[in-house]
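Student: Here is the model I would like to go through. Can we take it step by step, beginning with the surface?

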Amino acid sequence: MSEMNPPENMNSNGYEVPPEMRNNIAITTLDKIWNMGRRYSVWPMMFGLACCAIEMICTAASRYDLARFGMEVMRPSPRQADLMIVSGTVTKKMIPQIVRLYNQMPEPKYVLAMGACASGGGPFKEGYNVVSGVDKYVPVDVYVPGCPPTPQALLHGLMKLQEKIDSESIRTVRWYQPGGEEPIPVPILGPDIIDPRDFPKFKSVKAAPAKAETAAESAEAA
């Protein structure tokens with residue numbers, strides 16, 4: 001039996017439906033129902049960083065009407081949001097707050113990098129105070145190019161996020177695995193930004209000169 005052309009009395013999942021009930025019963029999977037409810041109820045977090053935020057505001061206004069996608073409920077609290085739109089330049093002073101907000105968001109949660117600055121640093125890449133891409137600290141699901149992107153581009157990115165949600169399974173998504181996810185360590189802002197996840201690298205670099213000094217002292221003694 002071909003999966004592409006099931007018999008009339010069977011739906012696309014291969015389950016037989018009696019003829020008298022075909023107009024009253026629809027058979028689907030739990031994943032499809034779960035994802036359908038999530039894709040039309042994504043609540044973005046209400047914050048902006050730079051000029052991309054103006055385009056995000058335009059997307060929520062009447063001309064483009066973000067409410068068509070069920071995403072008009074922008075929440076002022078990270079604990080009520082499940083989508084972080086990083087709209088603008090991410091500075092080293094701001095990245096600790098972004099990571100902290102991300103950790104406070106409930107799961108499932110997603111990140112959309114809006115614009116060239118959030119995606120890779122933009123015109124400020126390798127600048128003394130700008131992070132070259134927010135994905136160095138938080139996982140990004142969708143990248144929207146542009147400087148700044150138009151409202152249409154942001155809508156396209158949100159539709160791509162919906163497609164990603166549709167492809168997920170409740171059995172394999174990372175936030176429902178045993179043990180859950182560990183919160184991302186909040187970067188430390190000092191003379192420069194420090195990622196606590198790099199501490200093992202610092203220890204190895206510090207240990208290498210000590211070993212070299214020991215070897216040099218042994219050679220002199222010999």
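Student: What is the accessible surface of the protein, and what share of that surface belongs to carbon and sulfur atoms?
Tutor: This is a predicted model, and its values are computed. The accessible surface of the protein comes to about 13,300 Å². The share of this surface that belongs to carbon and sulfur atoms is 58%.

Student: What percentage of the residues in the protein is buried?
Tutor: A residue counts as buried when its relative accessible area is under 20%. The protein has 222 residues, and the buried ones make up 36%.

Student: What pattern does the secondary structure follow along the sequence?
Tutor: The protein has six helices and five strands. Read along the sequence, their pattern is α-α-β-α-β-α-β-α-β-β-α.

Student: Which residues of helix α1 are buried, and what covers them?
Tutor: Helix α1 spans residues 30-39, and its buried residues are D31, W34, N35, R38 and R39. They cover an arc of only 125° around the axis, so they sit on the same side of α1. The cover over the buried residues of α1 includes β2 and α5.

Student: Where do the buried residues of α2 lie around the helix, and which exposed residues are on the face turned away from them?
Tutor: The buried residues of α2 are C52, A53, E55, M56 and T59. Seen down the axis of α2, these residues fall within an arc of 155°, so they line one face of the helix. Their cover includes β1, β2, α4 and α5. The face of α2 turned away from the buried side carries the exposed residues I54 and I57.

Student: How do α2 and α5 pack: at what angle, and how far apart are their axes?
Tutor: Two packed helices are described by the angle between their axes and the distance between the axes. Helix α2 covers residues 52-60 and helix α5 covers residues 151-166. The angle between them is about 75°, and their axes are 9 Å apart. Since 65 to 115 degrees counts as roughly perpendicular, that is the word for α2 relative to α5: roughly perpendicular.

Student: Which residues make the contact between α2 and α5, and what are they by class?
Tutor: From α2 the contact uses E55, M56, C58 and T59. From α5 it uses P151, L154 and L155. By class, the contact has five nonpolar, one polar and one charged residues.

Student: Which peptide bonds are cis, and in which loops do the prolines lie?
Tutor: Most residues other than glycine have a negative phi, and most peptide bonds are trans. A cis bond joins E107 and P108, with omega about 0°, and P108 lies in the loop between α3 and β2. The bond from C147 to P148 is also cis, with omega near -10°. P148 is in the loop between β3 and α5.

Student: What is the phi of D65, and is this residue buried or partly exposed?
Tutor: D65 is in the loop between α2 and β1. Its phi is near 55°, a positive value in a residue other than glycine. With a relative accessibility of 30%, D65 counts as partly exposed.

Student: E126 has a positive phi too; what is its value, and is E126 buried or exposed?
Tutor: E126 is found in the loop between α4 and β3. Although E126 is not a glycine, its phi is about 65°. Its relative accessibility is 63%, so E126 counts as exposed.

Key
Residues numbered from 1 in each chain as written. Predicted model: local features only at pLDDT ≥ 70, side-chain atom pairs only at ≥ 80, totals over all residues. Heavy atoms only, no water. Axes fitted to C-alpha atoms, helices over the stretch in contact; angles between N-to-C directions. Helix = DSSP H or I, 4+ residues; strand = E, 2+ residues; numbered from the N terminus. Parallel < 35°, antiparallel > 145°, perpendicular 65-115°, else oblique. Contact = heavy atoms within 4.5 Å. Nonpolar A, V, L, I, M, F, W, Y, C, P; charged D, E, K, R; others polar. Buried < 20%, exposed > 50% of the residue type's maximum accessible area, 1.4 Å probe, protein only. Arc of directions from axis to C-beta. Areas by Shrake-Rupley, 256 points an atom, 1.4 Å probe, with all protein chains shown as cover.
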